[in-house]
Amino acid sequence: MSIRSERKEEHLKLAQMFFNKQKYNSFDQLHLLRPALPETNVDPTILTTEMFNKSVSAPFFINAMTGGSPKSKIVNQALGKVAAKEKIALALGSASILAKEDDQLDSFYVARSKNPDGILIVNVNPETPVKAIHKIIQELNADALQIHLNTVQEIAMPEGDRDFHWLDNIKEICNQVNIPIIIKEVGFGLDQNTIHILKNEGIQYFDIAGSGGTNFAQIENARNKNDVSYLEDIGLPTVISALMAKKEQVNFIVSGGVRNPLDILKGLTLSGQYIGISNVFLQEFNQNGIDGLENLIASWKKQLAALIAIYGKKDLASLPSIPKYYDLPLKTQINQLIR
């Protein structure tokens, strides 16, 4: 394997090693006010929605994980099959490796082959040449493109980039790509100023990917001879990043530390259009295979429909109106940061 492919394998191994589905995060400091008399009934059909002009069975999806190595191929093949069975969207991990190693295409394409008609989102870094992006989109018949911003991970990565002049590259990609583009963080949260700048450049979709889930500074630190553990705590909490995106009045995805259906509901009440889940789904597949992951997603749909009912709502559009309150430490951060 190439150095890039070996890194993909290491990331998968370390993501499993550090996984903690009970990890405390900002969702735990956000609370929803539940009516004791909701006057509703559980209706799973209300979860059906549209995403990039295709129907999906739920407002949550399998977010970017991997691709570009033998293990990645196995994972993506399974994720494609599950996404097709459960009729939810799937975002692939970074395909930037294909700009230099096109022989790794099959490790991504297996997802599309198992899910030929569903929503498939491809992911690249902002320095990927436009020509390579066009080829990736065409080969995978992608419905949308994620461009990930991962400065903290790059600094923590021993072989990472050290030049972050990315805006001009992003503008060039936007001008030449004709499918929806999503700007995505990788677990350290999008800040309001970045969202504002990119919104003014015509970006319409954002995946905030806040802190609270997989920590790539922690993962890269495990690969690093120099201790950079101090980088592990500099992320922006998911709830705060979501409120910043809401303030900017953009379309956004809530991801970063989503562990269960209640977290999904909380993300939707923050005005997230969709909710992305990565490592929880990956580790369910690792432990219980395709059947286990399919069962988990099917169960989460039922639980989410039940939660919507007990919080007194009858459709997805009304969820942001659920009253909410915050623990004092998070409320203090919100008061300082949201303007």
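Predicted model: local features only at pLDDT ≥ 70, side-chain atom pairs only at ≥ 80, totals over all residues.
Biologist: Thanks! And what follows helix 10 at its other end?

Modeller: Ser-271 comes after helix 10, and its phi is positive, near 85 degrees.

Biologist: How many of the residues of helix 10 are buried?

Modeller: Eight of the nine are buried, so helix 10 is largely enclosed by the rest of the structure. The buried ones are Pro-261, Asp-263, Ile-264, Leu-265, Lys-266, Gly-267, Leu-268 and Thr-269.

Biologist: Which elements do those buried residues pack against?

Modeller: They pack against strand 1, strand 4 (60–62), strand 10, strand 11 (274–277), helix 11 and strand 12 (324–326).

Biologist: Let's turn to charges. How should I read a salt bridge?

Modeller: The general idea is that side chains of opposite charge can pair when their charged atoms come close. In this structure there are 14 salt bridges. One of them joins Asp-28 to Arg-259, with the closest N and O atoms 2.8 Å apart. That pair links distant parts of the chain, 231 residues apart: Asp-28 sits in the loop between helix 1 (3–18) and strand 1 (30–32), and Arg-259 in the loop between strand 10 (251–255) and helix 10 (261–269).

Biologist: Which other salt bridge does Arg-259 make with Asp-263 as partner, and what is the distance?

Modeller: Arg-259 and Asp-263 also have their closest N and O atoms 2.8 Å apart. As for burial, Asp-263 counts as buried at 2% relative accessibility, and Arg-259 counts as buried at 13%. Asp-28 is partly exposed, with a relative accessible area of 25%.

Biologist: Where in the chain are the partners of the Glu-294 and Lys-85 pair?

Modeller: Let me give the contact itself: the side chains of Glu-294 and Lys-85 meet in a salt bridge at 3.4 Å, N to O. Glu-294 belongs to helix 11 (residues 279–310) and Lys-85 to helix 2 (residues 70–86), so the pair links distant parts of the chain, 209 residues apart.

Biologist: Is Glu-294 buried or exposed? And is Lys-85 buried or exposed?

Modeller: Glu-294 counts as buried, at 9% relative accessibility, whereas Lys-85 counts as exposed, at 53%. There is also a network here: salt bridges that share partners join Arg-7, Glu-10, Glu-159, Glu-220 and Arg-223.

Biologist: Now aromatic rings. What do I look at in a pair?

Modeller: A pair of aromatic rings is described by the distance of the centres and the angle of the planes. This structure holds four aromatic pairs. In one of them, the rings of Phe-60 and Trp-300 have centres 6.3 Å apart and planes at 65 degrees, so the pair is edge-to-face. Phe-60 lies in strand 4 and Trp-300 in helix 11, 240 residues apart.

Biologist: What is the geometry of the pair formed by Phe-281 and Trp-300?

Modeller: Phe-281 and Trp-300 are tilted, at 5.3 Å centre to centre and 50 degrees between the planes. Phe-60, Phe-281 and Trp-300 form one aromatic cluster. Each member is buried: Phe-60 at 1% relative accessibility, Trp-300 at 4% and Phe-281 at 0%.

Biologist: Last topic, strands. How do I read which way the side chains point?

Modeller: In a regular strand the side chains alternate between the two faces of the sheet. Take strand 7 (residues 144–149), where six of six residues are buried. Ala-144, Gln-146 and His-148 point one way, while Leu-145, Ile-147 and Leu-149 point the other way.

Biologist: Which strands pair with strand 7?

Modeller: Strand 6 (residues 120–124) runs parallel to strand 7 and is joined to it by four bridges; Val-124 stands opposite Ile-147 there. Strand 8 (residues 181–185) also pairs with strand 7 in the parallel sense, over five bridges, and Lys-184 is the bridge partner of His-148.

Biologist: What unit do strand 6, helix 4 and strand 7 make?

Modeller: Together with helix 4 (residues 130–140), strand 6 and strand 7 make a right-handed β-α-β unit.

Key: Residues numbered from 1 in each chain as written. Heavy atoms only, no water. Buried < 20%, exposed > 50% of the residue type's maximum accessible area, 1.4 Å probe, protein only. Helix = DSSP H or I, 4+ residues; strand = E, 2+ residues; numbered from the N terminus. Pairing = 2+ DSSP bridges. Right-handed = clockwise from strand over helix to strand, strands pointing away. Salt bridge = Lys/Arg side-chain N within 4 Å of Asp/Glu carboxyl O. Contact = heavy atoms within 4.5 Å. Phe/Tyr/Trp six-rings, centres within 6.5 Å; stacked < 30°, edge-to-face > 60°.
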